[in-house]
Amino acid sequence: MADSKTLVRRILAGNTRAFESLIEEHKRLVSHIVFRMVSNVSDREEICQDVFMKVYQNLKGFQFESKLSTWIAKIAYNSCINYLEKKKVPLFDDCSLEEKTLDSFPAQGMLPDEYAEKKDVSRRLQTEIDKMPIHFRMVLTLYHLDNLTYNQITEIMQMPEGTIKSYLFRARKLLKQRLMAKYQPEDLCL
Amino acid sequence: MPVTHLTDEEIQDYLDGNLSHQSRIFLEAHLKTCEFCQVALKQYQSLYVELKQDQVFDLPKTFAKSVVAKLPMIEKAKSGFNYSDILLGILAILITAFTSIYYLDLGSLGKRLTHIPLPQFEFATTLVEAAKGLVAA
């Protein structure tokens, strides 16, 4: 926390190098959120840039009531929600849980060696995640990829902890079911 | 007698470390004897490993520099708003007011309206008279 405070103080004093290191430190987190929520490839980088511009503009008002990374993640999440609302993308579509079965996806040929098989499972998993409702994708990413706690995810997504836990449980169960429909149990045990 | 297997929720809670000490001991004891649940656990373990793979989220190496390069634009926009926008607003109001007075002759209309007598109990009649006067003018 002390490091974050020093960093913020330096940025507010006009040190652009300090801001550059803030970006380097948090761009992975921001890109995870933006890339998972926004499917339009050409808009992703611009949204990431906008997020850091907003961080810079609002940094003066940051009171260290939460971790700096949580605050930045919240800005990224809200920016994506605004973008999706403008594009009229449904934020939670329960139908997609039932309708998009594995049969509707293009078939992918299984390659013979184990490495290729593993790559295939990974690719399949990414495809399955992208087909999920946005909130499911988000909790999976924040929990597993960014190792955030339930409390932090609750703060970022502004939802009760019970809802976050429920999304996480349902998302993982659904992923397992979908992968099981394609692969033999032993293929999944990598 | 039907065999009771672990639920998805129990396996996930186990992997997340959300189980109490007692529940964990019970679950591990069950896992030692149940092949079906062992497979289910391994599948979830694999899924957890895969979910940690960070392979598709790449921003360019120059990303931070490109954002920093845009900062002067923010500063300019910030400082520009306070002065130029307010001045422009005031100027627009003044131009509108002067144009209205000049073209619509609102100055003389105002004078005429103030000279129309308004008796206390004949207000409606007076208004009609005033309107007639304006039409005649």
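Let's start with Ile72(A). Setting aside neighbours within four places in sequence, Ile72(A) is in contact with His26(A), Leu29(A), Val30(A) and Val55(A). By contact I mean that the C-beta atoms of two residues, placed from the backbone, lie within 7 Å. Before I go on: this is a predicted model, where local features need pLDDT of at least 70, side-chain atom pairs count only at pLDDT 80 or more, and totals for chains, interfaces and linings use all residues. Residues are numbered from 1 along each chain as its sequence is written, while chains are lettered from A and ligands numbered from 1 in the order in which they are written.

Okay, what is Ile72(A) part of? Ile72(A) is among the residues with the most contacts inside the largest nonpolar core, along with Ile33(A), Val34(A), Ala76(A) and Val139(A). That core has 53 residues. A nonpolar core here is a set of buried Ala, Val, Leu, Ile, Met, Phe, Trp, Tyr and Cys residues joined through C-beta atoms within 7 Å. Buried means 20 or more other C-beta atoms within 10 Å of a residue's own, exposed means 12 or fewer, and partly exposed is in between. In soluble globular proteins, nonpolar side chains tend to be buried together.

Which elements build this core? At least two residues each come from H2, H3, H4, H7, H8 and H9 of chain A and from H3 and H4 of chain B. H2(A) gives the most, with 9 residues. A quick word on those labels: helices (H or I, at least four residues) and strands (E, at least two) are DSSP runs, numbered from the N terminus.

Now, chain A itself. Chain A is split into domain 1 (2-86) and domain 2 (95-188), with bounds that come from an automatic or database domain assignment. Where they touch, 10 residues come from domain 1 of chain A and 10 residues from domain 2 of chain A. On the domain 1 side, helix H2 (16-37) and helix H4 (68-86) of chain A each supply at least two residues, and H2(A) gives the most, with 5 residues. That side divides into 5 nonpolar, 3 polar and 2 charged residues. For these classes, Ala, Val, Leu, Ile, Met, Phe, Trp, Tyr, Cys and Pro count as nonpolar, Asp, Glu, Lys and Arg as charged, and the others, Gly among them, as polar.

Next up, helix packing. Two packed helices are described by the angle between their axes and the distance between the axes. Take helix H8 (residues 150-157) and helix H9 (residues 161-182) of chain A: their axes come within 9 Å and cross at roughly 105°. That makes H8(A) roughly perpendicular to H9(A). The axes are lines fitted to C-alpha atoms, for helices over the stretch in contact, and angles run from 0 to 180 degrees between N-to-C directions. Under 35 degrees counts as roughly parallel, over 145 as roughly antiparallel, 65 to 115 as roughly perpendicular and the rest as oblique.

H9(A) also packs with helix H7 (residues 134-145) of chain A, where the axes come within 9 Å and cross at roughly 95°. H7(A) and H9(A) are therefore roughly perpendicular to each other. From H7(A) we have His135(A), Phe136(A), Val139(A), Leu140(A) and Tyr143(A), which meet Ile164(A), Tyr167(A), Leu168(A), Arg170(A) and Ala171(A) in H9(A). By class, that contact has 8 nonpolar, 1 polar and 1 charged residues.

Gln158(A) is in the loop between H8 and H9 of chain A. Its phi is positive, about 50°, although Gln158(A) is not a glycine. Is Gln158(A) buried or exposed? Exposed, with 10 C-beta neighbours inside 10 Å. Phe64(A), in the loop between helix H3 (41-58) and H4 of chain A, has a positive phi of about 60° and is not a glycine either. Phe64(A) is exposed too, with 11 other C-beta atoms within 10 Å.

Last stop, chain B. Chain B has 7 helices and 0 strands, and buried residues make up 9% of its 137 residues. How many residues of chain B are in contact with chain A? The count is 27 residues of chain B, facing 32 residues of chain A. H3(B) gives the most to that side of chain B, with 9 residues. The side has 14 nonpolar, 5 polar and 8 charged residues. On the chain A side, Thr16(A) touches Val68(B) and Leu71(B).
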